[in-house]
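Here is a short walk through one protein model with its ligand. Keep the sequence beside you as you read.

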Amino acid sequence: MDHDRCRDCEKEHPLRELTYLVATSLDGYIADPSGGHDAFPTVGDHIDAYARDFPEIFPAPALDALGITPRNETFDTVLMGWNTFAVGLPHGLDDPYPHLRQVVFSRKDRTGQVGGGVEVIDRDPVEVVRELKAEPAAAGIWLCGGSALAGALCEEIDRLVLKVNPVLLGAGLPLLGSSTSRVRDFERQDCRTFDSGVVVLTYRRST
Ligand SMILES: NC(=O)c1ccc[n+]([C@@H]2O[C@H](COP(=O)([O-])OP(=O)(O)OC[C@H]3O[C@@H](n4cnc5c(N)ncnc54)[C@H](OP(=O)(O)O)[C@@H]3O)[C@@H](O)[C@H]2O)c1
């Protein structure tokens, strides 16, 4: 974790990173126009690598099925837009990542729609992220998505982990919503190829 100047207290201390770790098609869509991403391969050697490197990003039922206990070494907090969180509701997943602090952004009253471990916040995501980054903590913040929330947080992203799937969707929800921000200062940190056809690209913001 880098030491940086905290925008809140103006002192040097380790700031937590915001990592947008997301699955995308080759043409830059995180879901098809109806919000589905079942075209992305869910089996293959990339899944084993993810389970090893990022166990925290699996929802509780998947962790149980895989027999994994997350250590929260990489992430201890997940951020979701309401639409992303809501994907799990029809499946009874109202507390999908109980091992993490779960923050869901919504401008509506969602009383009774979320499990006990989920905080619903109606605030500017940028302000919330700056506060979270300034909190002393051992692990980072995972921006799960979706497209709209990631677009709103584009300029706060410190690290991108893109799971690029060997699929063209043609249309859908773009990686960064309707954001028109240009951020040029990303440096490649890692590029891993898998037999499944997936490539995982890691970029870190250099300034
Ligand atoms: N490929 C992947 O790895 C991946 C990862 C995550 C999600 N997804 C997909 O992404 C889709 C959801 O993305 P999405 O773009 O439709 O929605 P989203 O970003 O998940 O959620 C948008 C909602 O968040 C709330 N919100 C509150 N403040 C906001 C702000 N400042 N900016 C944006 N949203 C704010 C609003 O909810 P209210 O309407 O309640 O106010 C808004 O409608 C899902 O279909 C999911 O499958 C894919």
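Start at a loop. Gly146 sits between β8 and α5, in the loop that links them. The peptide bond leading from Gly145 into Gly146 is cis, with omega near 5°. Most peptide bonds are trans. Bear in mind that this is a predicted model.

Now look at the ligand. Which residues are closest to it? Gly145 and Gly146 are among them, together with Gly35, Gly81 and Asn83. In total, 25 residues surround the ligand. By class, this shell holds 13 nonpolar, 10 polar and 2 charged residues. Five elements each supply at least two shell residues: β3 (18-24), β4 (29-31), α3 (82-86), β8 (140-145) and α5 (147-152). The largest share, 4 residues, comes from α5.

Next, follow β8 into the sheet. The sheet is open and has 8 strands, with mixed pairing. Its order is β7-β6-β5-β8-β3-β9-β12-β11. At the edges are β7 (118-121) and β11 (186-193), each pairing on one side only. On average, neighbouring strands are turned by 20° against each other, direction ignored. β5 (residues 75-81) pairs with β8 in the parallel sense, over 5 bridges. Met80 stands opposite Gly145 of β8. That is the Gly145 of the cis bond.

Then turn to the nonpolar core. The largest one has 39 residues. Val78, Leu79, Trp142 and Leu143 have the most contacts inside it. The elements that give two or more residues to this core are β3, β4, β5, β6 (101-105), β8, α5 and β9 (159-164). Here the largest share, 5 residues, comes from β3. In soluble globular proteins, nonpolar side chains tend to be buried together.

Take Trp142 as a case. What does Trp142 contact, leaving aside neighbours within four places in sequence? The partners are Thr19, Leu21, Glu56, Ile57, Phe75, Thr77 and Val78. Val78 is itself one of the residues with the most contacts in the core.

One backbone detail remains. Asn72 lies in the loop between α2 (60-66) and β5. Asn72 is not a glycine, yet its phi is positive, about 55°. Most residues other than glycine have a negative phi. A buried residue would need 20 or more, and an exposed one 12 or fewer.

Technical notes: Residues numbered from 1 in each chain as written. Predicted model: local features only at pLDDT ≥ 70, side-chain atom pairs only at ≥ 80, totals over all residues. Near = placed C-beta within 6 Å. Nonpolar A, V, L, I, M, F, W, Y, C, P; charged D, E, K, R; others polar. Pairing = 2+ DSSP bridges. Axes fitted to C-alpha atoms, helices over the stretch in contact; angles between N-to-C directions. Core = buried A, V, L, I, M, F, W, Y, C linked by C-beta atoms within 7 Å. Buried ≥ 20, exposed ≤ 12 C-beta atoms within 10 Å, placed from the backbone. Contact = placed C-beta atoms within 7 Å.
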